[in-house]
Amino acid sequence: MIEKLKNLNQESNMLLEKNEKCIQNLRETLRETVVLKRDLETWRDSVFKSCDSERGTDISSHDTSSQDTLSRNKSALRKFSSSIAQKAPEAIYIHLGTHDLVEKVPVDEAVDMLTSSVDKVLRETSQSCKVFISHVLSCGSEQEKASEFRDALSDKIEYLSKSADSSDFWARVEQNLNRNFFANGTGSPYHYMFRDGTIHLTLRGIKVIMGNFRTSLHQAFLSS
């Protein structure tokens with residue numbers, strides 16, 4: 001009996017040590033995420049200003065065509081996928097595509113642009129690095145297109161995960177469908193998650209999506 005208790009105590013200590021290590025890794029990842037977010041915001045501003053100066057147009061203008069938006073986003077994503085690999089991350093969480101909906105970029109082109117960028121990230125990062133794709137959210141006039149985007153993205157990810165030349169890479173990808181933004185069984189978003197029926201989240205919506213982000217990373221570290 002005493003021997004069993006000793007074994008249980010040892011197993012409990014080992015489990016506690018593992019949990020403490022997971023928590024420590026998660027805290028470090030969150031700290032790096034904050035730094036990366038700041039770097040990406042600075043980088044994004046410089047990229048858009050560069051694109052703007054090359055075209056001689058005002059980036060803040062709302063009459064930008066979908067082709068201009070697509071070209072600008074492709075350039076930004078290429079630089080993002082190249083720079084992110086240099087940081088040797090253990091996990092990557094991607095939430096992109098919302099503004100493509102607003103700028104009227106065709107769904108198939110937006111999905112191809114996103115998956116091409118993710119594929120580049122997968123091929124340039126460690127096989128132990130997990131990649132999470134968070135699905136776009138929208139309310140109001142963009143709701144139907146957002147639903148179309150999510151369906152098309154899921155289909156493309158399923159295709160890539162089964163394709164012979166990409167399945168090994170895309171096996172590391174997990175989707176976060178953000179189901180807690182939708183009423184059960186309806187596919188309709190909770191309007192209180194969004195500000196005035198727009199793409200912008202309320203404080204509650206921000207807390208929910210950040211909770212999804214933390215949960216995904218936490219599960220990634222626990223399973224490693």
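A salt bridge is a side-chain nitrogen of Lys or Arg within 4 Å of a carboxyl oxygen of Asp or Glu. The model is predicted: local features need pLDDT of at least 70, side-chain atom pairs count only at pLDDT 80 or more, and totals for chains, interfaces and linings use all residues. Residues are numbered from 1 along each chain as its sequence is written, and side-chain values use heavy atoms, with hydrogens and water left out.

**View 1. Lys162 and Glu158 form a salt bridge.** Their closest N and O atoms are 3.1 Å apart. Both residues lie in helix α5 (residues 143-162). They are four residues apart, about one turn of the helix. Helices here are DSSP runs of H or I with at least four residues, strands are runs of E with at least two, and numbering starts at the N terminus. Lys162 is exposed, at 63% relative accessible area. Glu158 is partly exposed, at 41%. The classes are buried (under 20% relative accessible area), exposed (over 50%) and partly exposed (in between), using a 1.4 Å probe and protein chains only.

**View 2. Asp119 pairs with Arg123 in a salt bridge.** The N to O distance is 2.6 Å. Both residues belong to helix α4 (residues 107-124). Because they are four residues apart there, about one helical turn separates them. Asp119 is buried, with a relative accessible area of 16%. Arg123 is partly exposed, at 39%.

**View 3. A salt bridge joins Lys130 and Glu174.** Here the N to O distance is 3.7 Å. Lys130 sits in strand β2 (residues 130-134) and Glu174 in strand β3 (residues 173-176), so the pair ties together parts that are 44 residues apart in sequence. Lys130 is partly exposed, at 24% relative accessible area. Glu174 is also partly exposed, at 34%. A search of the whole structure finds five salt bridges.

**View 4. Ile209 is buried in helix α7.** The helix spans residues 203-222. Relative accessibility of Ile209 is 13%. Which residues does Ile209 touch, not counting those up to four places away in sequence? They are His95, Ser134, Leu137, Asn178, Phe181 and Leu201. Contact means heavy atoms within 4.5 Å. Ile209 and His95 are 114 residues apart along the chain. Their C-alpha atoms are separated by 9.9 Å.

**View 5. Met1, Leu5 and Leu8 form a nonpolar surface patch.** Together they have about 370 Å² of accessible area. Leu5 is found in helix α1 (residues 2-55). Patches are made of residues with over 30% relative accessible area and no salt bridge; like charges are joined within 9 Å, and nonpolar side chains (Val, Leu, Ile, Met, Phe, Trp, Tyr) within 5 Å. Accessible areas come from the Shrake-Rupley method with a 1.4 Å probe; for residues, only the protein chains shown count as cover.

**View 6. The whole chain has seven helices and three strands.** From the N terminus on, the elements run α-α-β-α-α-β-α-α-β-α. Of the 224 residues, 38% count as buried. The accessible surface comes to about 13,600 Å². Carbon and sulfur atoms account for 52% of that surface. Among contacts between residues at least 6 apart in sequence, 75% join residues at least 24 apart.
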